[in-house]
Amino acid sequence: MARATSTQRKLGTTLLAWAVGLLIFFPIYWTILTSFKTEAQAISDPPVFLFFDWTLENYSIVQERSDYMRFLWNSVIIAGGSTLLGILIAVPAAWSMAFVPSKRTKDILLWMLSTKMLPAVGVLYPISLIFVEFNLLDTRIGLVIVLMLINLPIIVWMLYTYFREIPGEILEAARMDGASLGKEILYVLTPMAVPGIASTILLNIILAWNEAFWTLNLTAANAAPLTAFIASYSSPEGLFFAKLSAASTMAIAPILILGWFSQKQLVRGLTFGAVK
Amino acid sequence: MSLRKLLAAATALTVAGGTGAFAQTITIATVNNGDMIRMQGYTDQFTEATGIGVEWVTLEENVLRQRVTTDITTKGGQFDIMTIGMYETPIWGANGWLVPLDDLSDEYDVGDILPAMAGGLSHDGTLYAAPFYGESSMIMYRTDLMEQAGLEMPEAPTWEFIAEAARAMTDRENDINGICLRGKAGWGEGGAFITAMSNSFGARWFDEDWNAQFDQPAWAETLNFYVNLMNDAGPPGYSTNGFNENLSLFQQGKCGMWIDATVAASFVTNPDESTVADKVGFALAPDNGLGKRSNWLWAWALAIPAGTQQEAEAKQFIEWATSKDYIALVAENEGWANVPPGARTSLYETPEYQEVPFAQMTLDSILSADPNNPTVDPVPYVGIQFAAIPEFAGIATEVSQEFSAAYAGQQSVEEALEKAQALTNDAMEAAGYR
């Protein structure tokens, strides 16, 4: 009897998990599917699911119209650069907060997070003026800096949470053995926190990859990443959903693949410490 | 080395990597629509002829507006040419943000630009943006459904006729709505439609002292007429429908009539996209016997921001893109139905173009719109579906949100108008008009 209940419960949980999974995946599935339809099929009602003439026409039009590789390259540099820069700054910051906290550490953490509570558009003009002053408009380095600053609170918070799970005594032991501060962070702390750091990096690459306010407002032709590539296919006067879907699929494909290959690392990192 | 110098050096390095192969390259911000995309395909010919390279930054309309407005107000200097509309041009021109286009070549023939377009793109008689294409709004209707209903569409119908026809054509069982109209919030979406419609009912946004007029009977009449009509004959959920949603409904044969941008005519008559391509008729936007019709006027135009380093090259591009020769180029390669409409008088005098089914009605609609004299009673502003003051976009977006809430049944028409009246007067007082 007990076994029957547990099988039933397992079945219920599995079904629920599948339902939630499919629900979350559906918009992506639909985008990919639409990218293989003609514009007329894309808006047809009732919608067509699988039985239509698949076409690659949209992809060839998008390829012809836009220089995809340039956008992709910009995305890689901006997402990768801002994440690496952020990690370099956040590791020491999180170390000090986790292992030598002061009276104000909690307040600082909260204050850092509070910068995320202001809508981005509220500082559009100040940031734009700074960019104009420093000649940073439409440069990759400008975007690397801005996206790093935007994501820094999240990086610090995540690393802080992981570091706190690591017993301070291990670091103390290293210190007793004569390790300098740099060595302690590099050779003792970092290897132990690799899953945490890895998942922080992955999450931040995803966040920076999808950031679509600053990357649109601070770029023109040179530094525009894939978000600008997608935006160029959205139209309020005309139905170009199939082309828009093709552009979206091309823009999310690299990050989707990255996520697929690193899912183990990602899941491990995100649940790190939860079962201790 | 100061931080500033360091950053500037790093920037110079990054930029150096990105410049193109041409001695001169101009950057153009533009909107994503069929005519603009088509032009991008022809820019190689411009580059070959002049040696000037062209970089395109194509954005969705709302993003574009935010992007170019930020750039021009912060003197960002990212663009040599900006695609802007009739709303921005007179305001920016008055602020000295745009290079006046008063020295275009004789060959270009400025006098050929349709007067309504030139008027809406000028400030104090000086042209600040050259129209690439222009549009008004008109009625597109299903000839077969009209016949079934036993009615005949006049060339210049009244709202009374439209309401009668819409109710007669509605067939809920077969999913056919008599009429599809915009209801979506946003000053350029549902806001544009209801403002243009209200003009024909004798309503106006402001009196001559900039007092909001939503407490006047003409506005209540407009909104009640719209809501009753849409509830009886409109599609379900119309309060969230904009241009694209209605286009999709019409192309699938679910609308008897649709009043919207003249540019839609080429979509609904295209057999590749539309299931009703051969059954579409056109008529002027309706009136109410008060002397004003409910059609709007809009142009996407090319302007040069003041302070660009490449003014001469930018002017050269604008002369090419909005010339008679460009129209001829597109006509030769893609047929007359695909040339950018609504900008030049000479286009409508071309015999081949007169054969395009929607050409004459588009011209008549444009000619019947007068942005300098948009309402029955006098107003202190220019613009038909908008008032060309910087505060309008913000105010009208809020007002249209109140209206959409009324369409969705979340509040009554009276409540929506009361709120619109209060918020408009508050904003105008804060801005120093009253």
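Okay, let's start with chain B, where the domain assignment, automatic or from a database, gives domain 1 as 3-135 + 297-359 and domain 2 as 137-295 + 381-430. Before I go on, this is a predicted model: local features need pLDDT of at least 70, side-chain atom pairs count only at pLDDT 80 or more, and totals for chains, interfaces and linings use all residues. Residues are numbered from 1 along each chain as its sequence is written, while chains are lettered from A and ligands numbered from 1 in the order in which they are written.

So, back to those two domains. The C-alpha centres of domain 1 and domain 2 of chain B lie 30 Å apart. How many residues of domain 1 of chain B are in contact with domain 2 of chain B? Eight, and they meet 13 residues of domain 2 of chain B; contact here means C-beta atoms, placed from the backbone, within 7 Å. On the domain 1 side there are seven nonpolar residues, no polar ones and one charged. For the classes, Ala, Val, Leu, Ile, Met, Phe, Trp, Tyr, Cys and Pro are nonpolar, Asp, Glu, Lys and Arg are charged, and the others, Gly among them, are polar.

Now a helix pair, still in chain B. Helix 8 (residues 190-200) and helix 17 (residues 392-407) of chain B pack at about 85°, axes 9 Å apart. The axes are lines fitted to C-alpha atoms over the stretch in contact, and angles run from 0 to 180 degrees between N-to-C directions. That makes helix 8 of chain B roughly perpendicular to helix 17 of chain B, a label for 65 to 115 degrees; under 35 is roughly parallel, over 145 roughly antiparallel, and the rest oblique. Helix 8 of chain B brings G190(B), G191(B) and I194(B), and helix 17 of chain B brings A396(B), T397(B), V399(B), S400(B), F403(B) and S404(B). By class, this contact has four nonpolar, five polar and no charged residues.

Over to chain A, with 14 helices and zero strands; these are DSSP runs, H or I of at least four residues for helices and E of at least two for strands, numbered from the N terminus. The C-alpha atoms of chain A fill a box of roughly 75 × 70 × 30 Å along the principal axes.

An unreviewed UniProt entry annotates "transmembrane region" at several spans of chain A, including 108-131 and 184-207; such annotations may be inferred rather than shown by experiment, feature names are shortened, and positions follow the numbering used here. Residues 108-131 of chain A are 62% helix, with end C-alpha atoms 27 Å apart. Residues 184-207 of chain A are 96% helix, with ends 30 Å apart.

Key:
Two residues are in contact if their C-beta atoms, placed from the backbone, lie within 7 Å.
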